[in-house]
Amino acid sequence: MNWRGHRVVVTGASSGIGLALARELALRGAHVGLVARRAEALDALAGELKSAGGMAIACPADCRDLQAIKESFAFFEATVGPIQSVIAAAGVGYPTAIDLSNIEQTVETFGTNVLGVIHAFHAALPGMLRRREGHLSAVSSLSAFKGFPGESAYCASKAAVNTFLEGMRIQLRGTGVGITALCPGFVRTPMTDCNTFDMPFLLEAEDSAKRIIRALERRAGVACFPMRMSWLVGLLRRSPDRFLQWLFSDYNAKALPGSPPKA
Ligand SMILES: NC(=O)c1ccc[n+]([C@@H]2O[C@H](COP(=O)([O-])OP(=O)(O)OC[C@H]3O[C@@H](n4cnc5c(N)ncnc54)[C@H](OP(=O)(O)O)[C@@H]3O)[C@@H](O)[C@H]2O)c1
């Protein structure tokens, strides 16, 4: 796959994995649309990428707002040309309180992580289908594969993303439009900077971006990485509830006051 001149929109481009992806794609000659809420951060990134010889354009929008995303993508298309790829990386991560008292954060989690992906696909897919060419992907997570205690809403949002993408992938076969669910383990970004526990097999955002680009180049349906974290999640999926409750009890006690003490 040749990225030179390829028109790709990245949501969540103001920080972390999305920002690293935008940098890597611009380095490869792609024309990158930068989407997130913080317009100043996107302008600064677009300036940085342009002065390094790349091509990037800030298209700020809140991915929970369908109309705003449609306008943002339309602005990119009017300025740069039809979108060929979307990487929906915008996301939030909050613990789930034992009494569900942080319901606003749960609503934000589903609005951003699930509807944000669907809105981005909705804004790009009709044009791709008309042109019989395009690729849609979303940064999900290995946490899509297990409901971890204290992370129920986040895990459920990522499971919803994977299931949505799976159905779309099968439905879109033969249309020229491909779908990839990207499932990283832990990545060092502002989202995980506040974690006080050791994150196994932690990746740097740049490494994660390179793995994502390779997965897109080989048109993977689902890409899980790093391999060892993927295996670990596979083991945890088969573990008894009692073990997982014990494993997460310190984390839950710290992150979520009101959780039962260590089992
Ligand atoms: N870090 C990890 O260990 C890890 C592991 C697996 C999967 N992931 C997933 O990877 C993706 C990126 O996470 P990250 O670690 O890079 O986090 P991050 O550094 O906090 O970046 C999150 C990005 O999402 C954007 N965003 C959040 N809410 C938004 C909204 N309503 N509308 C538009 N943009 C919004 C933020 O931009 P603004 O604040 O400017 O809007 C920011 O650019 C997320 O989907 C996350 O769930 C992360």
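Where is the place of Arg132? I looked there first. Arg132 sits in the loop between α4 and β5 (134-139). Helices here are DSSP runs of H or I with at least four residues, strands are runs of E with at least two, and both are numbered from the N terminus.

**Ground rules.** I am reading a predicted model, where local features need pLDDT of at least 70, side-chain atom pairs count only at pLDDT 80 or more, and totals for chains, interfaces and linings use all residues. Residues are numbered from 1 along each chain as its sequence is written, and side-chain values use heavy atoms, with hydrogens and water left out.

I noted the phi of Arg132: it is positive, about 55 degrees, although Arg132 is not a glycine. Leu100 also is not a glycine, and its phi is positive at about 60 degrees. I found Leu100 in the loop between β4 (85-88) and α4. Next I checked Phe225 and Pro226, which are joined by a cis peptide bond with omega about -10 degrees. Pro226 belongs to the loop between β9 (222-225) and α7 (227-237). Why note these at all? Most residues other than glycine have a negative phi, and most peptide bonds are trans.

**Two helices.** I then compared α4 (residues 103-131) with α5. Their axes come within 8 Å and cross at roughly 20 degrees. Axes are lines fitted to C-alpha atoms, for helices over the stretch in contact, and angles run from 0 to 180 degrees between N-to-C directions. α4 and α5 are therefore roughly parallel to each other (angles under 35 degrees count as such). Their crossing is right-handed, meaning that the near helix is turned clockwise from the far one by less than a right angle.

**The ligand.** I counted 31 residues around the ligand (a heavy atom within 4 Å). Ser15, Arg37, Tyr154, Val187 and Thr189 come nearest. The shell has 15 nonpolar, 11 polar and five charged residues. Asp, Glu, Lys and Arg count as charged; Ala, Val, Leu, Ile, Met, Phe, Trp, Tyr, Cys and Pro as nonpolar; the others, Gly among them, as polar. α1 (16-27) and α5 (152-171) each supply at least two shell residues.

Which polar pairs did I find? An N or O atom in the side chain of Thr189 is 2.6 Å from a ligand oxygen. For Arg37, the distance from such a side-chain atom to a ligand oxygen is 2.7 Å. A polar side-chain atom of Arg64 lies 3.4 Å from a ligand nitrogen. Polar contacts are pairs of N or O atoms within 3.5 Å. The protein covers 94% of the 880 Å² of accessible area that the ligand has on its own (Shrake-Rupley method, 1.4 Å probe).

Definitions and conventions. A polar contact is a pair of N or O atoms within 3.5 Å; within protein, one must be able to donate a hydrogen and the other to accept it, and residues adjacent in sequence count only if both atoms are side-chain atoms. Angles under 35 degrees count as roughly parallel, over 145 as roughly antiparallel, 65 to 115 as roughly perpendicular and the rest as oblique.
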